[in-house]
Amino acid sequence: MSDRNDQPDSVAGFQQIVECARKNCHRIVVSGARTKQRLAGGQPAWIVSTKKYCGIVEHQASDFTISVRAGTPVRKVSEVLSSQGQFLPFDPVFADSGATVGGMVASGMNGPCRLRFGGVRDFVIGCQFIDGLGRAVRAGGKVVKNAAGFDLPKFLAGSAGRFGIILEMTFKVFPKPPCYQSLCTRPESAGESARLLGRMVHSRIDFDALEILEDHRVAARWSGDAQVCDAIRQQLAPLVTGQTEWMTGSADAAFWSELSNPGTALPGDWIVKVPISRAHIPALDHHLFQAGIARRFSVAGNLAVLRISGAEQLESLERILVQLHLTGQFVVGGPEHFLTGATTWRPFLQRIKSALDPERIFAPLSACSPGEVMP
């Protein structure tokens, strides 16, 4: 079977595709706007796109919730929310490239400004998806105080199309701050960058973002009304030394938009996210530098965002993560890649895979695990 593309516009259409794939032992790869996965290479697959299954289902502005179909562009959702003075606080990535809601949730990737309020999984409260048996499953609800049953909506965040086809998501949203300010400073050394980040973390300021960039610059962002933002700037001034850029307005927006929209990967490139703690930064930074891997440390040093170029760096990354007992997830890359590094995640995910996708028609948990790839 060569790659086949379908774009259903109804729940029944997705169910028919899954049933046909089961009967003919075809593997399904789910896509949205293809901003995060290269759907080329590997085994032939049935590429199922959610782009035509789009639209705002319901926006309860007074309840601060919104329900959206998976193929809806994230940018469209942001515009609807902004018109009511609301926003998605986890700072969706690739929005400027046309990313869809389904891909945003499936990747589980957040922008640098998720620090203050939490990540995408913290704002998901309801979902609808098609599992590997063709069942249309609803979980969660459309109100914030809904805790019935297993929390499948949050589980789908970061699932990368391994367990089902995301069709609809409901999010809680927040009021949008009226003002943002930020700084970008270059300490004298990499060690000083980590120490400055630590001082900022332990200050009394609620930052929206704290980053260590690849050149070891430290970037910070905060929000509130104009007077609050100015007061925070005055508090920060004694903490920073050396060359510092203070940003407001369009300069601030452009700086953080660039970090949230890293562009598309070249052939042979991947973007990988690695959950860490600040204590991991020195050793991880050293090993990544030796391997020539581009990196930045996001979310106050709790997430490494890596750009991998070529198979040699890919192999180096796996060795580094195993050595440091860390696990990475591919955000941009082919559907054959999911997780890399330490393997403590496998037994749990395999049990869920067996329940939701027992015939393994969706992309496998591991490209080299026997029995996980459909013929």
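What follows is a short walk from a sheet to its surroundings, then to some aromatic rings.

Before you click: this is a predicted model, so local features need pLDDT of at least 70 and side-chain atom pairs count only at pLDDT 80 or more, while totals for chains, interfaces and linings use all residues. Residues are numbered from 1 along each chain as its sequence is written, and side-chain values use heavy atoms, with hydrogens and water left out.

**Stop 1: the sheet.** Switch to cartoon and pick out the open five-stranded sheet, ordered β4-β5-β9-β7-β8 with antiparallel pairing. Strands here are DSSP runs of E, at least two residues, numbered from the N terminus, and two of them pair if DSSP finds at least two bridges between them. Select 56–60 (β4) and 136–140 (β8): these are the edges, each with a single partner strand, so one side of each has no neighbour in the sheet. Show Phe129 and you'll find Val137 of β8 opposite.

**Stop 2: the core.** A core here is a set of buried Ala, Val, Leu, Ile, Met, Phe, Trp, Tyr and Cys residues joined through side-chain atoms within 4.5 Å, where buried means under 20% relative accessible area with a 1.4 Å probe, protein chains only.

**Stop 3: the rings.** Select Phe87, Phe90, Phe117, Phe123, Phe171 and Phe174, which form one aromatic cluster. Rings of Phe, Tyr and Trp (its six-membered ring) pair if their centres lie within 6.5 Å; planes under 30 degrees apart are stacked, over 60 edge-to-face, and the rest tilted. How are the planes of Phe90 and Phe171 set? That pair is tilted, at 6.2 Å centre to centre and 40 degrees between the planes. Phe90 lies in the loop between β6 and α3 and Phe171 in strand β9 (residues 165–172), so the pair ties together parts 81 residues apart in sequence. Both Phe90 and Phe171 are buried.

**Stop 4: charges over rings.** Finish with Arg69, which lies over the face of Tyr53 at 4.5 Å from the ring centre. Then jump to Arg221, whose charged end sits over the ring of Tyr180, 4.0 Å from its centre. The rule: NZ of Lys or CZ of Arg within 6 Å of the ring centre and within 35 degrees of the ring normal.

Methods
Helix = DSSP H or I, 4+ residues; strand = E, 2+ residues; numbered from the N terminus. Buried < 20%, exposed > 50% of the residue type's maximum accessible area, 1.4 Å probe, protein only.
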